[in-house]
Amino acid sequence: QVQLVESGGGLVQAGGSLRLSCAASGSISSINGMGWYRQAPGKQRELVATVTSGGITNYASSVKGRFTISRDNAKTTMHLEMNSLKPEDTAVYFCNAAVRTMLGLINSWGQGTQVTVSS
């Protein structure tokens, strides 16, 4: 079984910063790609940023230049540094990972962490 646990969400004023973290645990052989997604009220879940096991990153155009995704050396923890936050960044942020276990490849999701940006 694989668990992804997010932390670091909260309330911040526009222009402020937050740092989200996602820790993976369980019966993990390795983790391929990891990413952050977000879902605002009444909207579909959307990609924010992804990072491969080799460190290649990809960002949604709406966050490029403001957000930075990273993984630790053990590659089981991922972070999202969010700067110059805007009210439209308000959403529940979800961690996602393609986890290889003894049973095969699992697409795993965290429970989400709320980010609220006030104007």
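Reader: How many aromatic pairs does the structure hold?
Author: This is a predicted model. A pair of aromatic rings is described by the distance of the centres and the angle of the planes. In this structure the number of aromatic pairs is one.

Reader: Is the pair of Tyr37 and Trp109 stacked, tilted or edge-to-face?
Author: The ring centres of Tyr37 and Trp109 lie 5.1 Å apart, and their planes meet at 65°. Planes over 60 degrees apart count as edge-to-face. The angle of 65° therefore makes the pair edge-to-face.

Reader: How many residues apart are Tyr37 and Trp109?
Author: Tyr37 belongs to strand β4, residues 30–39. Trp109 belongs to strand β10, residues 104–109. The pair thus links distant parts of the chain, and the separation is 72 residues.

Reader: Is Trp109 buried, partly exposed or exposed?
Author: Trp109 has a relative accessible area of 34%. Buried means under 20% and exposed means over 50%. Because 34% falls in between, Trp109 is partly exposed.

Reader: Which residue lies over the face of Trp109?
Author: The residue in question also lies over the face of Phe94, at 3.7 Å from the ring centre. For Trp109, the distance from the ring centre is 4.7 Å. The residue over the face of Trp109 is Arg45.

Reader: How many strands does the protein have?
Author: From the N terminus on, the elements run β-β-β-β-β-β-β-β-β-β-β. There are zero helices. The number of strands is eleven.

Reader: What radius of gyration does the protein have?
Author: The C-alpha trace spans about 45 × 25 × 20 Å along its principal axes. A compact globule with 119 residues would have a radius of gyration near 14 Å. The value for the protein agrees with this, as it is 14 Å.

Reader: In which strand is Tyr59 found?
Author: Leaving aside neighbours within four places in sequence, Tyr59 is in contact with Val48, Ala49, Lys64, Phe67, Thr68 and Ile69. Gln13 is 46 residues away along the chain, and the C-alpha atoms of Tyr59 and Gln13 are separated by 23 Å. The strand that holds Tyr59 covers residues 57–59 and is β6.

Reader: How far apart in space are Gly112 and Glu6, C-alpha to C-alpha?
Author: Gly112 is found in the loop between β10 and β11. Beyond its neighbours within four places in sequence, Gly112 is in contact with Val92, Tyr93 and Phe94, among others, and also with Glu6. Gly112 and Glu6 are 106 residues apart in sequence, but their distance in space is 6.2 Å.

Reader: Is Gly112 buried, partly exposed or exposed?
Author: The relative accessibility of Gly112 is 25%. The limit for buried is under 20%, and for exposed it is over 50%. Gly112 lies between these limits, so it counts as partly exposed.

Conventions: Residues are numbered from 1 along each chain as its sequence is written. This is a predicted model: local features need pLDDT of at least 70, side-chain atom pairs count only at pLDDT 80 or more; totals for chains, interfaces and linings use all residues. Side-chain values use heavy atoms; hydrogens and water are left out. Rings of Phe, Tyr and Trp (its six-membered ring) pair if their centres lie within 6.5 Å; planes under 30 degrees apart count as stacked, over 60 as edge-to-face and the rest as tilted. Helices (H or I, at least four residues) and strands (E, at least two) are DSSP runs, numbered from the N terminus. Buried means under 20% relative accessible area, exposed over 50%, partly exposed in between (1.4 Å probe, protein chains only). A charge sits over a ring if NZ of Lys or CZ of Arg is within 6 Å of the ring centre and within 35 degrees of the ring normal. The radius of gyration is taken over C-alpha atoms; the globule rule is 2.2 Å times the number of residues to the power 0.38. Contact means heavy atoms within 4.5 Å.
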